[in-house]
Amino acid sequence: MEEKRDVVVLVGSLRKASLTRRVARALQKIAPASLALEIVEIRDLQMYDEDLETQTPPREWVAFRERIKRCDAVLFATPEYNRSVPGCLKNAVDVGSRPGGHGVFAGKPGAIVSVTPYGLGAFGANHHLRQALVYVDVLTMAQPEAYVSQAGELVDEEFNITKEASRKFFDTFLKAFAAWIELTRKK
């Protein structure tokens, strides 16, 4: 029997009904049996401030770091804000990358799904996030890339993917991510 991999999903939109969160929830429903996708909330993470690190780090930071340490991989789901990554998601990356030399993302397999109601698939956010993930040593899956355009039309109220071509793409994406996790995971 294949071992089930624990995948933390970080959603870069704080709004409960956001398109990005809806896509993440839909991915949870169709994930292959080898992946257990869990959305880990980033809403309560204080903005990274090194002064807080030198005292007693906020308990939310500690809990977040511990959860990332325990997971097998991270799936980043990001909307695009002004052609870049939302501040809350970048802050989660910053919190997880500190203190220097003790980042919890290092060596973790990762993948990015960028989501927009518009036509460009949140290309800018996807690539800005990739830059940060390279630096914090997330082993980010290169292919297939997931730029989700017209997201408002893709997921219904029960988090089902409504378009067959999109469902097939996401199935392929998640299977490729499962294979990527096995290829890159630390022994």
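**Exercise 1.** Work out how the axes of helix H1 and helix H6 cross.

*Solution.* Step 1: helix H1 (residues 19–30) and helix H6 (residues 164–184) have axes that come within 10 Å and cross at roughly 70 degrees. Helices here are DSSP runs (H or I, at least four residues), numbered from the N terminus. Axes are lines fitted to C-alpha atoms over the stretch in contact, with angles from 0 to 180 degrees between N-to-C directions.

Step 1: H1 is therefore roughly perpendicular to H6 (65 to 115 degrees).

Step 2: Val23, Leu27 and Ile30 of H1 touch Arg167, Phe170, Asp171 and Leu174 of H6, where contact means heavy atoms within 4.5 Å.

This is a predicted model: local features need pLDDT of at least 70, side-chain atom pairs count only at pLDDT 80 or more, and totals for chains, interfaces and linings use all residues. Residues are numbered from 1 along each chain as its sequence is written, and side-chain values use heavy atoms, leaving out hydrogens and water.

**Exercise 2.** Now describe the packing of H4 and H5.

*Solution.* Step 1: H4 (residues 87–97) and H5 (residues 123–135) pack at about 10 degrees, their axes 11 Å apart. Step 2: they are therefore roughly parallel to each other (under 35 degrees). Step 3: Leu89, Lys90 and Val93 in H4 meet Leu129, Ala132 and Leu133 in H5.

Definitions and conventions: Helix = DSSP H or I, 4+ residues; strand = E, 2+ residues; numbered from the N terminus. Parallel < 35°, antiparallel > 145°, perpendicular 65-115°, else oblique.
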